[in-house]
Amino acid sequence: MRIGVWNTAFLGDAVLTLPLLHTLQRAYPGAELHFFVRRGLASLFAAQPGLAGVHEFDKRGGDRGLRAAMRLGRKLARMRFDLWLSPHTSLRSGLMARWTTAPRRIGYSKPAWNHYFYTHTVDRGFGAVDEIDRLLRLVRPLRITDLVTEPDLVLPPAAVAKAAEFFAGLSGPVLGVHPGSTWPTKQWPEDSFGAVMARAHAAGATVVLFAGPDERDCAARVLAASGLGGKDRVHDLAGALALPELAAHLARLDCYLTGDSGPMHLAWAG
């Protein structure tokens with residue numbers, strides 16, 4: 001049996017799809033499970049047990065446009081999927097589902113055109129349940145009742161080892177700060193990040209600054225606002241880590257500050 005799960009939304013959406021993948025793995029232990037994500041995310045799931053393949057879809061680049069989508073659709077049809085699940089609700093995602101020719105294709109009941117693309121649809125329950133429960137609704141047509149509700153992300157050993165080596169040299173509680181955001185309207189003010197960093201450092205914490213390759217300028221401004229440049233117990237890793245390495249570092253923090261889904265998220269490890 002070959003199963004495809006398509007979620008080419010943002011990083012957080014892909015991670016929240018893990019319980020759906022775990023549930024399918026448990027229900028169909030002998031199945032070949034493939035996960036389709038947006039460009040740049042495959043490395044994060046490369047060590048995930050039970051996945052036969054993690055495939056990237058470059059919807060802003062090489063896979064952009066109808067002709068490229070049709071080419072990928074033909075490739076998916078040749079893979080002969082038996083079951084296809086799509087947590088993504090775009091028109092293009094619906095077309096991909098249809099073009100797989102999988103005999104069972106499951107998506108959400110809205111938009112209305114999804115009834116053409118999928119053999120089974122479920123109510124998305126937007127506003128009624130959280131994202132993981134919403135994703136798990138996709139297995140209802142399969143009558144799966146043994147649901148896995150927690151994401152378990154397994155990272156490559158090299159990424160885990162790199163994080164362990166870095167944290168071995170740190171002392172005191174460690175605050176991680178990631179000020180960047182895909183959406184500027186959701187981003188917490190840079191001066192506010194700097195103020196929190198300064199107060200945490202004054203209280204004895206080690207501060208580690210993170211950012212993606214395109215967010216280094218933002219991170220530099222936050223560091224300047226904090227007044228901590230060049231001081232002990234301050235580490236600037238902005239743009240220095242690959243995605244799996246970033247995840248491994250975040251897993252070891254005592255506290256993590258991000259303003260990506262405002263006004264601010266502050267999470268304590270454990």
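**Entry 1**

I began with R221, which forms a salt bridge with E190, the closest N and O atoms being 2.9 Å apart. The term requires a side-chain nitrogen of Lys or Arg within 4 Å of a carboxyl oxygen of Asp or Glu. The pair links distant parts of the chain, with R221 in helix α9 (residues 216–226) and E190 in helix α8 (residues 190–202), 31 residues apart. I took helices (H or I, at least four residues) and strands (E, at least two) as DSSP runs, numbered from the N terminus.

I noted that the model is predicted: local features need pLDDT of at least 70, side-chain atom pairs count only at pLDDT 80 or more, and totals for chains, interfaces and linings use all residues. Residues are numbered from 1 along each chain as its sequence is written, and side-chain values use heavy atoms, with hydrogens and water left out.

I then looked up accessibility, where buried means under 20% relative accessible area, exposed over 50%, and partly exposed in between (1.4 Å probe, protein chains only). R221 has a relative accessible area of 45% and is therefore partly exposed; E190, with 21%, is also partly exposed.

**Entry 2: further salt bridges**

I found a count of seven salt bridges by this rule. One of them joins the side chains of R137 and D123 (3.5 Å, N to O). R137 lies in the loop between α6 (131–136) and α7 (157–167) and D123 in the loop between β6 (120–122) and α6, so this bridge ties together parts that are 14 residues apart in sequence. R137 is buried, because its relative accessible area is 12%.

I also recorded a salt bridge between R134 and E131, with the closest N and O atoms 2.8 Å apart. Both residues lie in helix α6, three residues apart, about one turn of the helix. R134 is buried, at a relative accessible area of 7%.

**Entry 3: aromatic rings**

I counted 10 aromatic pairs, where rings of Phe, Tyr and Trp (its six-membered ring) pair if their centres lie within 6.5 Å; planes under 30 degrees apart count as stacked, over 60 as edge-to-face and the rest as tilted. W6 and F57 form a tilted pair, 5.0 Å centre to centre with 55° between the planes. This pair links W6 in strand β1 (residues 2–6) to F57 in strand β3 (residues 51–57), 51 residues apart. W6 is buried at 0% relative accessibility, and F57 is buried at 2%.

F81 and W84 form an edge-to-face pair, 5.2 Å centre to centre with 70° between the planes. Both F81 and W84 are buried. I noted finally that W6, F36, F57, F81 and W84 form one aromatic cluster.
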